[in-house]
Amino acid sequence: MTVAPRPATLPFMLLVSVIRTRVRLRVEEVKVMTAATHPGPPGGEQPAPVTAADLSPGRPFVFRHATVLTMDDAHHVRHNADVLITGERIAEVGTDLQVPEGTAEIDATGGIVMPGMIDTHRHMWQTAMRGYGADWTLTQYFVWYYLQWGKVFRPQDVYAGNLLSGIEAIEAGVTTTVDWSHGLQTVEHADAAVDALEEVPGRFVLAYGNIQQGPWEWSAAPEFRDFVNRRFSGGNDMLGFQMAFDITGDPAFPEKAAFEVARDLGAPVTTHAGVWGATNDDGIRLMHENGFMTPSSIYVHAATLTRDSYHRIAATGGSASVSTESEQSAGQGYPPTWQLREHSIPVSLSMDTSVWWSGDLFSAMRTTLGADRSREHLEAHGRQETVTHCHLRAEQVVDWATRGGAKALGLDALTGSIEAGKKADLVLIKNDGSPVMFPLLNPYGHVAFQAQRGDVHTVVVNGRVVKYANRLVGVDLAKARHVTEQTVEHLMSKLGPEAWAEGMHPEVPETKVLDNPYTYTEWDAGSAQWKGSTRE
Ligand SMILES: [Zn+2]
(Lines give C-alpha, C1' and ligand atoms only; values in the text may rest on other atoms or scores of the structure.)
Protein backbone atom coordinates (compact mmCIF):
# COMPACT_ATOMS: atom_id res chain seq x y z
CA MET A 1 0.00 0.00 0.00
CA THR A 2 1.32 3.39 -0.87
CA VAL A 3 0.67 6.14 1.61
CA ALA A 4 0.38 9.57 0.07
CA PRO A 5 2.57 12.11 1.86
CA ARG A 6 0.66 14.35 4.20
CA PRO A 7 0.54 17.95 3.02
CA ALA A 8 2.73 19.15 5.93
CA THR A 9 5.68 16.97 4.84
CA LEU A 10 5.66 18.17 1.25
CA PRO A 11 7.73 21.34 1.77
CA PHE A 12 10.25 19.33 3.79
CA MET A 13 10.64 16.72 1.03
CA LEU A 14 11.00 19.47 -1.50
CA LEU A 15 13.78 20.99 0.57
CA VAL A 16 15.60 17.66 0.85
CA SER A 17 15.42 17.19 -2.88
CA VAL A 18 16.75 20.71 -3.53
CA ILE A 19 19.63 20.19 -1.11
CA ARG A 20 20.50 16.84 -2.73
CA THR A 21 20.56 18.42 -6.15
CA ARG A 22 22.75 21.28 -4.90
CA VAL A 23 25.18 18.94 -3.20
CA ARG A 24 25.49 16.95 -6.44
CA LEU A 25 26.15 20.15 -8.34
CA ARG A 26 28.81 21.28 -5.83
CA VAL A 27 30.58 17.93 -6.10
CA GLU A 28 30.59 18.24 -9.88
CA GLU A 29 31.92 21.81 -9.63
CA VAL A 30 34.78 20.68 -7.40
CA LYS A 31 35.65 17.87 -9.81
CA VAL A 32 35.69 20.26 -12.76
CA MET A 33 37.72 22.82 -10.82
CA THR A 34 40.27 20.23 -9.76
CA ALA A 35 40.69 18.95 -13.30
CA ALA A 36 41.06 22.41 -14.76
CA THR A 37 43.50 23.85 -12.28
CA HIS A 38 45.44 20.79 -11.23
CA PRO A 39 46.11 18.99 -14.47
CA GLY A 40 47.63 15.70 -13.43
CA PRO A 41 50.25 13.81 -15.40
CA PRO A 42 49.11 11.75 -18.41
CA GLY A 43 47.20 8.72 -17.28
CA GLY A 44 45.03 10.73 -14.86
CA GLU A 45 47.23 10.42 -11.74
CA GLN A 46 47.00 13.31 -9.31
CA PRO A 47 50.27 14.94 -8.25
CA ALA A 48 51.34 14.03 -4.72
CA PRO A 49 50.59 16.70 -2.12
CA VAL A 50 53.40 19.15 -1.49
CA THR A 51 55.61 18.37 1.49
CA ALA A 52 57.87 20.74 3.41
CA ALA A 53 60.82 19.30 1.51
CA ASP A 54 59.26 20.47 -1.78
CA LEU A 55 59.27 24.06 -0.53
CA SER A 56 62.98 24.60 -0.67
CA PRO A 57 64.19 28.21 -0.58
CA GLY A 58 64.21 29.76 -4.03
CA ARG A 59 61.58 27.49 -5.56
CA PRO A 60 58.45 29.42 -6.52
CA PHE A 61 55.23 28.33 -4.84
CA VAL A 62 51.59 29.20 -5.11
CA PHE A 63 48.66 29.07 -2.70
CA ARG A 64 45.61 27.77 -4.61
CA HIS A 65 41.92 28.45 -3.95
CA ALA A 66 42.20 30.54 -0.79
CA THR A 67 40.09 33.29 0.67
CA VAL A 68 42.66 36.07 0.54
CA LEU A 69 42.49 39.03 2.92
CA THR A 70 44.74 41.36 0.98
CA MET A 71 44.63 44.20 3.55
CA ASP A 72 45.43 46.55 0.68
CA ASP A 73 44.11 50.14 0.80
CA ALA A 74 40.62 49.03 -0.24
CA HIS A 75 40.74 45.89 1.93
CA HIS A 76 39.91 43.66 -1.03
CA VAL A 77 38.85 40.15 -0.08
CA ARG A 78 39.42 37.67 -2.89
CA HIS A 79 37.62 34.35 -2.99
CA ASN A 80 38.96 31.16 -4.55
CA ALA A 81 42.14 33.12 -5.26
CA ASP A 82 45.78 32.20 -5.76
CA VAL A 83 48.89 33.90 -4.41
CA LEU A 84 52.15 33.26 -6.26
CA ILE A 85 55.48 33.77 -4.49
CA THR A 86 58.76 33.97 -6.37
CA GLY A 87 61.99 34.72 -4.55
CA GLU A 88 61.39 37.02 -1.59
CA ARG A 89 58.28 38.64 -3.06
CA ILE A 90 54.63 38.22 -3.88
CA ALA A 91 54.58 37.93 -7.67
CA GLU A 92 50.85 37.89 -8.31
CA VAL A 93 47.44 37.60 -6.67
CA GLY A 94 44.52 36.41 -8.80
CA THR A 95 42.33 33.55 -9.94
CA ASP A 96 43.65 30.50 -11.79
CA LEU A 97 47.12 32.00 -12.06
CA GLN A 98 49.48 30.67 -14.66
CA VAL A 99 52.64 29.81 -12.77
CA PRO A 100 56.25 29.18 -13.79
CA GLU A 101 57.29 25.59 -14.42
CA GLY A 102 58.41 23.84 -11.27
CA THR A 103 56.19 25.92 -8.99
CA ALA A 104 55.10 24.03 -5.87
CA GLU A 105 51.35 24.19 -5.30
CA ILE A 106 49.89 24.51 -1.81
CA ASP A 107 46.21 23.62 -1.66
CA ALA A 108 44.65 26.42 0.39
CA THR A 109 41.05 25.34 -0.24
CA GLY A 110 38.91 26.20 2.76
CA GLY A 111 41.66 28.38 4.20
CA ILE A 112 42.41 32.06 4.65
CA VAL A 113 45.60 33.65 3.38
CA MET A 114 46.37 36.89 5.20
CA PRO A 115 49.44 39.08 5.71
CA GLY A 116 51.83 37.97 8.43
CA MET A 117 50.89 39.56 11.72
CA ILE A 118 53.05 42.26 13.30
CA ASP A 119 53.70 42.74 17.02
CA THR A 120 55.04 46.21 17.80
CA HIS A 121 56.05 45.67 21.44
CA ARG A 122 57.28 42.47 23.01
CA HIS A 123 59.90 42.08 25.74
CA MET A 124 61.35 38.98 24.13
CA TRP A 125 64.15 38.56 26.68
CA GLN A 126 61.52 37.69 29.30
CA THR A 127 60.17 34.65 27.43
CA ALA A 128 62.34 32.17 29.33
CA MET A 129 60.13 33.05 32.33
CA ARG A 130 57.01 32.07 30.38
CA GLY A 131 53.86 32.16 32.47
CA TYR A 132 55.74 32.76 35.76
CA GLY A 133 53.94 36.06 36.44
CA ALA A 134 50.45 34.95 35.43
CA ASP A 135 49.00 36.38 38.64
CA TRP A 136 51.10 39.54 38.80
CA THR A 137 50.08 43.17 38.75
CA LEU A 138 52.28 45.77 37.11
CA THR A 139 53.68 46.63 40.55
CA GLN A 140 54.83 43.05 41.10
CA TYR A 141 56.36 43.02 37.62
CA PHE A 142 58.29 46.22 38.33
CA VAL A 143 59.54 44.91 41.67
CA TRP A 144 60.66 41.57 40.21
CA TYR A 145 62.33 42.79 37.00
CA TYR A 146 63.36 46.38 37.72
CA LEU A 147 64.33 46.19 41.37
CA GLN A 148 65.07 42.62 42.35
CA TRP A 149 66.03 40.19 39.62
CA GLY A 150 66.47 41.92 36.24
CA LYS A 151 70.16 42.33 37.00
CA VAL A 152 70.83 38.60 37.27
CA PHE A 153 70.00 37.98 33.60
CA ARG A 154 73.23 37.16 31.74
CA PRO A 155 73.74 37.68 28.00
CA GLN A 156 72.95 34.00 27.42
CA ASP A 157 69.64 34.45 29.26
CA VAL A 158 68.68 37.29 26.92
CA TYR A 159 69.70 35.03 24.05
CA ALA A 160 67.53 32.18 25.35
CA GLY A 161 64.47 34.40 25.80
CA ASN A 162 64.87 35.95 22.38
CA LEU A 163 65.42 32.64 20.62
CA LEU A 164 62.34 31.07 22.16
CA SER A 165 60.24 34.19 21.63
CA GLY A 166 61.33 34.57 18.01
CA ILE A 167 60.41 30.98 17.22
CA GLU A 168 57.12 31.38 19.08
CA ALA A 169 56.33 34.45 16.99
CA ILE A 170 56.80 32.85 13.59
CA GLU A 171 55.01 29.68 14.69
CA ALA A 172 51.94 31.78 15.53
CA GLY A 173 52.06 33.63 12.19
CA VAL A 174 53.66 36.78 13.61
CA THR A 175 56.18 37.50 10.89
CA THR A 176 57.49 40.82 12.28
CA THR A 177 58.14 41.44 15.97
CA VAL A 178 59.57 44.45 17.77
CA ASP A 179 61.90 43.19 20.48
CA TRP A 180 61.36 45.86 23.18
CA SER A 181 64.65 44.86 24.72
CA HIS A 182 65.05 46.80 27.95
CA GLY A 183 67.24 44.23 29.68
CA LEU A 184 70.41 45.23 27.81
CA GLN A 185 72.64 45.98 30.80
CA THR A 186 75.76 45.67 28.66
CA VAL A 187 76.56 45.58 24.96
CA GLU A 188 77.27 41.86 25.41
CA HIS A 189 73.61 41.46 26.31
CA ALA A 190 72.69 43.42 23.16
CA ASP A 191 74.90 41.25 20.96
CA ALA A 192 73.28 38.15 22.46
CA ALA A 193 69.81 39.58 21.71
CA VAL A 194 70.72 40.23 18.07
CA ASP A 195 72.46 36.85 17.69
CA ALA A 196 69.19 35.15 18.60
CA LEU A 197 67.08 37.36 16.34
CA GLU A 198 69.40 36.64 13.42
CA GLU A 199 69.12 32.92 14.04
CA VAL A 200 65.33 32.88 13.70
CA PRO A 201 63.90 33.23 10.18
CA GLY A 202 61.52 36.04 11.13
CA ARG A 203 61.52 39.80 10.60
CA PHE A 204 62.51 41.69 13.75
CA VAL A 205 63.18 45.18 15.05
CA LEU A 206 65.53 45.53 17.99
CA ALA A 207 64.27 48.31 20.26
CA TYR A 208 67.34 48.92 22.42
CA GLY A 209 66.78 49.71 26.09
CA ASN A 210 68.25 49.24 29.54
CA ILE A 211 66.16 49.55 32.69
CA GLN A 212 69.28 49.50 34.88
CA GLN A 213 70.39 52.98 33.70
CA GLY A 214 68.88 56.26 32.56
CA PRO A 215 68.57 56.44 28.77
CA TRP A 216 70.80 59.53 28.82
CA GLU A 217 73.51 57.27 30.31
CA TRP A 218 73.43 54.14 28.14
CA SER A 219 72.79 56.04 24.92
CA ALA A 220 75.90 58.19 25.53
CA ALA A 221 78.24 55.21 25.89
CA PRO A 222 80.71 54.83 23.00
CA GLU A 223 80.17 51.06 23.01
CA PHE A 224 76.46 51.64 22.32
CA ARG A 225 77.31 53.66 19.18
CA ASP A 226 79.82 51.04 18.21
CA PHE A 227 77.20 48.28 18.63
CA VAL A 228 74.72 50.13 16.40
CA ASN A 229 77.37 50.62 13.73
CA ARG A 230 78.52 47.02 13.92
CA ARG A 231 75.12 45.34 13.79
CA PHE A 232 72.85 47.73 11.87
CA SER A 233 74.81 49.30 9.06
CA GLY A 234 73.94 46.80 6.34
CA GLY A 235 70.48 48.08 5.34
CA ASN A 236 69.00 44.68 6.18
CA ASP A 237 65.21 44.81 6.09
CA MET A 238 65.00 41.64 8.21
CA LEU A 239 66.36 43.50 11.25
CA GLY A 240 65.42 47.07 12.09
CA PHE A 241 66.44 49.33 14.94
CA GLN A 242 64.64 51.55 17.44
CA MET A 243 65.47 53.05 20.81
CA ALA A 244 63.26 52.08 23.75
CA PHE A 245 62.94 54.17 26.88
CA ASP A 246 60.32 55.80 29.09
CA ILE A 247 59.94 59.46 30.02
CA THR A 248 59.54 60.01 33.73
CA GLY A 249 58.08 63.52 33.49
CA ASP A 250 60.99 65.08 35.43
CA PRO A 251 60.78 68.78 34.48
CA ALA A 252 64.55 68.79 33.83
CA PHE A 253 63.80 66.31 30.97
CA PRO A 254 67.02 64.27 31.28
CA GLU A 255 65.76 61.99 28.46
CA LYS A 256 66.43 64.85 26.02
CA ALA A 257 70.00 63.62 25.46
CA ALA A 258 68.72 60.15 24.50
CA PHE A 259 66.23 61.67 22.03
CA GLU A 260 69.11 63.60 20.47
CA VAL A 261 71.08 60.37 20.03
CA ALA A 262 68.01 58.75 18.43
CA ARG A 263 67.63 61.69 16.07
CA ASP A 264 71.30 61.50 15.22
CA LEU A 265 71.04 57.77 14.47
CA GLY A 266 67.75 58.18 12.60
CA ALA A 267 66.22 55.71 15.04
CA PRO A 268 62.52 55.83 15.97
CA VAL A 269 61.74 56.00 19.69
CA THR A 270 59.24 53.65 21.32
CA THR A 271 58.07 54.55 24.80
CA HIS A 272 55.64 53.24 27.43
CA ALA A 273 53.34 56.27 27.63
CA GLY A 274 50.19 56.77 29.68
CA VAL A 275 50.89 53.93 32.12
CA TRP A 276 49.01 54.34 35.39
CA GLY A 277 51.41 55.23 38.20
CA ALA A 278 54.46 55.31 35.93
CA THR A 279 54.25 57.68 32.94
CA ASN A 280 51.75 60.42 32.21
CA ASP A 281 50.93 63.60 30.29
CA ASP A 282 54.10 65.34 31.49
CA GLY A 283 56.26 63.00 29.42
CA ILE A 284 54.16 63.62 26.30
CA ARG A 285 54.25 67.39 26.85
CA LEU A 286 58.04 67.40 27.30
CA MET A 287 58.50 65.33 24.15
CA HIS A 288 56.21 67.68 22.26
CA GLU A 289 57.68 70.93 23.53
CA ASN A 290 61.16 69.73 22.65
CA GLY A 291 60.21 68.61 19.18
CA PHE A 292 60.71 64.87 19.63
CA MET A 293 57.22 63.67 18.69
CA THR A 294 57.48 62.36 15.13
CA PRO A 295 55.43 60.09 12.83
CA SER A 296 57.77 57.22 13.72
CA SER A 297 57.21 57.58 17.49
CA ILE A 298 55.34 54.67 19.06
CA TYR A 299 53.38 55.20 22.28
CA VAL A 300 52.97 51.86 24.02
CA HIS A 301 49.71 51.42 25.98
CA ALA A 302 48.79 55.15 25.79
CA ALA A 303 46.05 54.26 28.24
CA THR A 304 45.91 56.93 30.95
CA LEU A 305 46.46 60.14 29.01
CA THR A 306 44.24 63.18 28.79
CA ARG A 307 42.69 64.61 25.67
CA ASP A 308 45.56 67.09 25.41
CA SER A 309 48.13 64.29 25.02
CA TYR A 310 46.01 62.44 22.47
CA HIS A 311 45.75 65.66 20.48
CA ARG A 312 49.54 66.04 20.53
CA ILE A 313 50.01 62.42 19.37
CA ALA A 314 47.42 62.77 16.62
CA ALA A 315 48.86 66.09 15.42
CA THR A 316 52.41 64.75 15.15
CA GLY A 317 51.46 61.54 13.36
CA GLY A 318 52.72 58.94 15.82
CA SER A 319 50.91 55.71 16.62
CA ALA A 320 49.85 53.70 19.65
CA SER A 321 50.76 50.10 20.38
CA VAL A 322 47.86 48.60 22.30
CA SER A 323 48.52 45.50 24.46
CA THR A 324 44.99 44.75 25.54
CA GLU A 325 45.69 41.57 27.48
CA SER A 326 48.44 43.34 29.34
CA GLU A 327 46.44 46.47 30.09
CA GLN A 328 43.52 44.40 31.35
CA SER A 329 45.56 42.24 33.71
CA ALA A 330 48.51 44.37 34.79
CA GLY A 331 46.73 47.70 35.16
CA GLN A 332 48.44 50.22 32.86
CA GLY A 333 44.98 51.67 32.18
CA TYR A 334 41.84 50.64 30.30
CA PRO A 335 42.75 49.47 26.76
CA PRO A 336 42.47 52.82 24.97
CA THR A 337 41.21 51.90 21.50
CA TRP A 338 37.96 53.81 22.16
CA GLN A 339 39.94 57.01 22.76
CA LEU A 340 42.41 56.38 19.95
CA ARG A 341 39.49 55.95 17.53
CA GLU A 342 38.04 59.29 18.67
CA HIS A 343 41.34 61.03 17.91
CA SER A 344 42.07 59.07 14.74
CA ILE A 345 45.39 57.88 16.14
CA PRO A 346 46.81 54.91 14.20
CA VAL A 347 46.87 51.65 16.17
CA SER A 348 48.99 48.53 16.13
CA LEU A 349 48.74 45.55 18.47
CA SER A 350 51.23 43.92 20.79
CA MET A 351 51.55 41.18 23.40
CA ASP A 352 54.04 42.85 25.78
CA THR A 353 55.59 39.91 27.60
CA SER A 354 55.29 36.15 27.82
CA VAL A 355 55.89 36.32 31.57
CA TRP A 356 52.08 36.59 31.56
CA TRP A 357 50.74 35.97 28.02
CA SER A 358 51.82 34.11 24.93
CA GLY A 359 52.92 35.93 21.81
CA ASP A 360 49.70 35.21 19.97
CA LEU A 361 48.03 38.03 18.07
CA PHE A 362 44.79 36.09 17.67
CA SER A 363 44.22 36.67 21.37
CA ALA A 364 45.26 40.32 20.93
CA MET A 365 42.59 40.81 18.26
CA ARG A 366 39.98 38.98 20.29
CA THR A 367 40.59 40.77 23.58
CA THR A 368 40.83 44.15 21.86
CA LEU A 369 37.38 43.70 20.33
CA GLY A 370 36.07 42.47 23.66
CA ALA A 371 37.52 45.32 25.71
CA ASP A 372 36.36 48.03 23.33
CA ARG A 373 32.82 46.66 23.06
CA SER A 374 32.57 45.78 26.72
CA ARG A 375 33.37 49.34 27.73
CA GLU A 376 30.93 50.76 25.21
CA HIS A 377 28.10 48.62 26.61
CA LEU A 378 29.01 49.38 30.22
CA GLU A 379 29.11 53.15 29.63
CA ALA A 380 25.79 53.01 27.78
CA HIS A 381 24.11 51.01 30.54
CA GLY A 382 25.30 53.64 33.02
CA ARG A 383 23.31 56.17 30.96
CA GLN A 384 20.32 53.79 30.80
CA GLU A 385 20.99 53.34 27.08
CA THR A 386 21.46 50.33 24.81
CA VAL A 387 24.24 49.96 22.24
CA THR A 388 22.58 48.69 19.09
CA HIS A 389 25.61 48.88 16.77
CA CYS A 390 29.24 48.10 17.64
CA HIS A 391 31.75 50.72 16.59
CA LEU A 392 34.79 48.46 16.52
CA ARG A 393 34.67 45.79 13.83
CA ALA A 394 36.57 42.55 13.31
CA GLU A 395 37.94 43.97 10.06
CA GLN A 396 39.53 46.83 12.00
CA VAL A 397 41.44 44.64 14.44
CA VAL A 398 42.70 42.44 11.60
CA ASP A 399 43.98 45.64 10.01
CA TRP A 400 45.66 46.71 13.27
CA ALA A 401 47.32 43.27 13.60
CA THR A 402 48.78 43.45 10.09
CA ARG A 403 48.85 46.69 8.09
CA GLY A 404 48.66 48.83 11.24
CA GLY A 405 51.87 47.30 12.53
CA ALA A 406 53.62 47.77 9.20
CA LYS A 407 52.65 51.44 9.10
CA ALA A 408 53.77 52.01 12.69
CA LEU A 409 57.19 50.58 11.87
CA GLY A 410 57.56 52.42 8.58
CA LEU A 411 57.57 49.05 6.79
CA ASP A 412 54.33 49.60 4.91
CA ALA A 413 55.97 49.65 1.49
CA LEU A 414 57.52 46.28 2.28
CA THR A 415 55.01 44.22 4.24
CA GLY A 416 51.59 44.26 5.93
CA SER A 417 49.46 43.52 2.86
CA ILE A 418 49.20 40.94 0.10
CA GLU A 419 49.99 42.85 -3.07
CA ALA A 420 52.23 42.03 -6.01
CA GLY A 421 55.74 43.36 -5.44
CA LYS A 422 55.63 43.34 -1.64
CA LYS A 423 57.82 41.06 0.42
CA ALA A 424 56.13 37.69 0.93
CA ASP A 425 55.27 37.74 4.65
CA LEU A 426 52.06 35.81 4.90
CA VAL A 427 50.05 33.23 6.75
CA LEU A 428 47.70 30.46 5.66
CA ILE A 429 45.04 29.66 8.25
CA LYS A 430 43.71 26.22 7.41
CA ASN A 431 42.86 23.21 9.49
CA ASP A 432 40.96 20.49 7.68
CA GLY A 433 40.61 18.49 10.90
CA SER A 434 38.87 21.29 12.75
CA PRO A 435 35.10 21.83 12.96
CA VAL A 436 35.85 25.52 13.46
CA MET A 437 37.19 26.09 9.95
CA PHE A 438 33.77 25.92 8.27
CA PRO A 439 31.54 27.47 7.22
CA LEU A 440 33.80 30.34 6.29
CA LEU A 441 31.25 33.12 5.95
CA ASN A 442 32.86 36.24 7.40
CA PRO A 443 36.64 35.96 6.95
CA TYR A 444 37.53 38.90 9.23
CA GLY A 445 35.26 37.58 11.95
CA HIS A 446 36.75 34.14 11.42
CA VAL A 447 40.28 35.41 11.96
CA ALA A 448 39.39 37.51 15.00
CA PHE A 449 37.01 35.23 16.88
CA GLN A 450 37.22 31.69 15.48
CA ALA A 451 40.80 30.94 14.45
CA GLN A 452 43.67 30.33 16.83
CA ARG A 453 47.37 29.65 16.58
CA GLY A 454 46.90 25.91 16.12
CA ASP A 455 45.11 26.70 12.85
CA VAL A 456 48.19 28.43 11.41
CA HIS A 457 49.05 25.97 8.66
CA THR A 458 51.74 27.81 6.71
CA VAL A 459 53.89 30.83 7.51
CA VAL A 460 56.07 32.59 4.98
CA VAL A 461 58.64 35.24 5.87
CA ASN A 462 60.54 37.09 3.18
CA GLY A 463 59.53 34.41 0.68
CA ARG A 464 60.77 31.55 2.86
CA VAL A 465 58.42 28.91 4.24
CA VAL A 466 59.11 28.72 7.98
CA LYS A 467 56.05 26.66 8.93
CA TYR A 468 54.18 24.18 6.78
CA ALA A 469 51.39 21.70 7.53
CA ASN A 470 51.31 23.08 11.09
CA ARG A 471 54.99 22.25 11.72
CA LEU A 472 57.96 24.59 11.93
CA VAL A 473 60.41 24.22 9.05
CA GLY A 474 64.17 24.65 9.45
CA VAL A 475 63.95 25.80 13.07
CA ASP A 476 65.94 24.27 15.91
CA LEU A 477 63.34 24.07 18.67
CA ALA A 478 65.45 21.57 20.63
CA LYS A 479 68.20 24.16 20.94
CA ALA A 480 65.71 26.77 22.17
CA ARG A 481 64.47 24.27 24.75
CA HIS A 482 68.01 23.52 25.90
CA VAL A 483 69.10 27.16 26.36
CA THR A 484 65.79 28.01 28.05
CA GLU A 485 66.28 25.20 30.56
CA GLN A 486 69.75 26.53 31.33
CA THR A 487 68.35 30.01 31.95
CA VAL A 488 65.56 28.72 34.19
CA GLU A 489 68.13 26.70 36.14
CA HIS A 490 70.34 29.78 36.54
CA LEU A 491 67.47 31.99 37.71
CA MET A 492 66.16 29.37 40.13
CA SER A 493 69.57 29.05 41.71
CA LYS A 494 69.98 32.84 41.99
CA LEU A 495 66.57 33.32 43.60
CA GLY A 496 66.55 30.24 45.80
CA PRO A 497 63.41 28.13 46.30
CA GLU A 498 61.69 30.56 48.66
CA ALA A 499 61.99 33.70 46.54
CA TRP A 500 61.16 31.66 43.45
CA ALA A 501 57.91 30.41 44.96
CA GLU A 502 57.01 33.80 46.45
CA GLY A 503 57.61 35.52 43.11
CA MET A 504 55.30 33.15 41.30
CA HIS A 505 52.54 33.16 43.92
CA PRO A 506 51.91 36.67 45.22
CA GLU A 507 49.60 36.98 48.19
CA VAL A 508 45.90 37.16 47.47
CA PRO A 509 44.21 40.14 49.16
CA GLU A 510 41.41 39.16 51.49
CA THR A 511 37.97 39.20 49.92
CA LYS A 512 35.21 40.44 52.18
CA VAL A 513 32.04 38.47 51.54
CA LEU A 514 29.13 40.85 51.85
CA ASP A 515 26.30 40.36 54.33
CA ASN A 516 23.45 38.76 52.44
CA PRO A 517 19.87 39.57 53.53
CA TYR A 518 18.64 36.40 51.82
CA THR A 519 20.83 34.04 53.79
CA TYR A 520 18.73 31.39 55.51
CA THR A 521 20.29 29.11 58.01
CA GLU A 522 18.00 26.24 58.76
CA TRP A 523 16.31 23.69 56.52
CA ASP A 524 13.07 22.39 57.94
CA ALA A 525 12.57 18.90 56.59
CA GLY A 526 8.97 18.70 57.80
CA SER A 527 7.76 21.71 55.83
CA ALA A 528 10.51 21.33 53.16
CA GLN A 529 11.33 25.04 53.54
CA TRP A 530 14.25 27.25 54.63
CA LYS A 531 13.62 28.88 57.98
CA GLY A 532 15.04 31.97 59.64
CA SER A 533 17.24 34.54 57.92
CA THR A 534 20.47 35.87 59.47
CA ARG A 535 18.93 39.32 59.26
CA GLU A 536 15.99 38.40 61.43
ZN1 LIG B 1 56.03 46.78 27.77
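1. A salt bridge here is a side-chain nitrogen of Lys or Arg within 4 Å of a carboxyl oxygen of Asp or Glu. The model is predicted.

2. Arg 285 and Glu 289 are four residues apart in helix 8, so about one helical turn separates them. As for accessibility, Asp 282 is partly exposed at 31%, and Arg 285 is partly exposed at 29%.

3. Under the rule in point 1, the count for the model is 31 salt bridges. One of them joins Glu 198 to Arg 231, with the closest N and O atoms 3.0 Å apart. Glu 198 sits in helix 4 (residues 187-199) and Arg 231 in helix 6 (residues 222-231), so this pair ties together parts of the chain that are 33 residues apart in sequence.

4. Arg 231 has 19% and counts as buried, because the cut-off for buried is under 20% relative accessible area.

5. The Glu 198 and Arg 231 pair should be read together with its surroundings. Both residues belong to a network of salt bridges that also links Asp 191, Asp 195, Asp 226 and Arg 230. In general, side chains of opposite charge can pair when their charged atoms come close.

6. Ser 297 is in the loop that runs between helix 8 (281-289) and strand 11 (298-301). Its relative accessibility is 2%, so Ser 297 counts as buried. Leaving aside residues up to four places away in sequence, Ser 297 touches Val 269, Met 287, Phe 292, Gly 318 and Ser 319.

7. Helix 12 covers residues 361-382, which is 22 residues, and spans 31 Å from its first C-alpha to its last. That value is close to the 32 Å expected at 1.5 Å a residue.

8. The two ends of helix 12 can be checked separately. At its start, a side-chain oxygen of Asp 360 comes within 2.8 Å of the backbone nitrogen of Phe 362. After the helix comes Gln 384, which has a positive phi, near 60°.

Definitions and conventions
Residues numbered from 1 in each chain as written. Predicted model: local features only at pLDDT ≥ 70, side-chain atom pairs only at ≥ 80, totals over all residues. Heavy atoms only, no water. Expected span 1.5 Å × (residues − 1). Polar contact = N/O pair within 3.5 Å; in protein donor to acceptor, adjacent residues only side chain to side chain. Buried < 20%, exposed > 50% of the residue type's maximum accessible area, 1.4 Å probe, protein only. Contact = heavy atoms within 4.5 Å.
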